[in-house]
Amino acid sequence: MRTVIAVLFALPWIGWALLRTVGVEVPFPLVAAIAFTPYAALTSPLPVVLALILRRKGVAIVSGVAALALAFAMVPRAVAGPQPEAKGPRLVVMTSNLWLGRANVPAVLEIAREHDVDVLSVQELRPKMLPKFESGQFPHRILLPDAGAAGAGLLSKYPLASSGGELQPEAVFTVEGAPPVRIKAVHPRPPVTFSAAPDWRRAIEALPSSDGAGDVRILAGDFNATLDHPELRALLDRGYTDAADATGEGWTHTWPAGTKSDRALPLTIDHVLVDTRVRVEKVTVVDVPRSDHRAVIAVLRLPAG
């Protein structure tokens, strides 16, 4: 009976560690649950302790291996990683989810001003917000609003040449001393229903790869994914670095914020992904008034061109 109790208690953590380590794509609801892997890691010593109390050495060893596997996946996010020796110009990129048009746009622009942001990616852009973005701060804009949550936009100090992207705009711009920069606003549907999960997976898979040559690619937005989703890690393997992870800020949560803070466990689902040639000098995460997402601001050093 003690063995049965120890095994049944340990199985969720062992299974979770196996899924996270192997990187298997799973259907809903597991695809949504994977986002909470940091909490599984934090509680993973519990089955080890119970197995030791019940004197089930084998279960304790297996549970300990699972705990170490989860820790191995989590710890690097708090440690700055190796960076390329980029020697080009500085570029500051910010992403902000506007929460179905409820966010305080003047506050968003003020945050961008305080951090000297060059390019701003916004998601959940509603038509009513467009006039509020008409200022001299970002003279170049590609704004594609939507009555639902699909609207997005790019605002820039540099002239933008649109390269498509439907409601997730993509544009090319030039910074003197660097190769052309190609940035895309990202916002796939969250994988929180049976129908949405496949759409979310296809949207992540459809994002462009970076070949480390030619244009410098940046993806900025609300990915509705954490670094524990194999889909996002597969995207990183296609030529990107997560800016927060690179600077040891990978644990800093971006959602929820504001009114939802007391109703959901914090997650890191907003990201700035950069070409592996780009050095990430600093990442800052800030609250945005009347938004349920925090803004992510990445100070980048582009490769020389």
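## Positive patch

Helices and strands are DSSP runs, numbered from the N terminus. In this predicted model, Lys132 sits in the loop that runs between strand E2 (119–123) and strand E3 (140–144). Its relative accessible area is 47%, so Lys132 is partly exposed.

Lys132 belongs to a patch of positive charge on the surface, where it gathers with Arg102, Lys128 and Arg290. Patches are made of residues with over 30% relative accessible area and no salt bridge.

## Nonpolar patch

A nonpolar patch on the surface is formed by Met1, Val4, Ile5, Val7, Leu8 and Leu11. Together these residues have about 590 Å² of accessible area. One of them, Val4, is found in helix H1 (residues 2–22). The relative accessibility of Val4 is 46%, so Val4 counts as partly exposed.

## A buried polar residue

Asn97 lies in strand E1, which covers residues 90–97. Asn97 has a relative accessible area of 0% and is therefore buried. The side chain of Asn97 makes a polar contact with the side chain of Asp222, at 3.0 Å.

## Salt bridges

There are 16 salt bridges in the structure. In one of them, the side chains of Asp116 and Lys157 meet with an N to O distance of 2.9 Å. Asp116 lies in the loop between helix H6 (105–114) and E2, and Lys157 in the loop between strand E4 (152–156) and strand E5 (161–162), so this pair ties together parts that are 41 residues apart in sequence. Asp116 counts as partly exposed at 37% relative accessibility, and Lys157 counts as partly exposed at 32%.

Asp275 forms a salt bridge with Arg277, and the closest N and O atoms are 2.7 Å apart. Asp275 and Arg277 are both buried, that is, under 20% relative accessible area.

## A further pair and a network

The side chains of Glu281 and Arg279 also meet in a salt bridge, at 3.2 Å from N to O. Glu281 is partly exposed, with a relative accessible area of 34%. Arg279 is partly exposed as well, with a relative accessible area of 23%.

Notes:
Residues numbered from 1 in each chain as written. Predicted model: local features only at pLDDT ≥ 70, side-chain atom pairs only at ≥ 80, totals over all residues. Heavy atoms only, no water. Patch = residues over 30% accessible without salt bridge, like charges linked within 9 Å, V, L, I, M, F, W, Y side chains within 5 Å. Areas by Shrake-Rupley, 256 points an atom, 1.4 Å probe, with all protein chains shown as cover. Salt bridge = Lys/Arg side-chain N within 4 Å of Asp/Glu carboxyl O. Lys, Arg positive; Asp, Glu negative; His and termini not counted. Charge placed at Lys NZ, Arg CZ, Asp CG, Glu CD. Helix = DSSP H or I, 4+ residues; strand = E, 2+ residues; numbered from the N terminus. Buried < 20%, exposed > 50% of the residue type's maximum accessible area, 1.4 Å probe, protein only. Polar contact = N/O pair within 3.5 Å; in protein donor to acceptor, adjacent residues only side chain to side chain.
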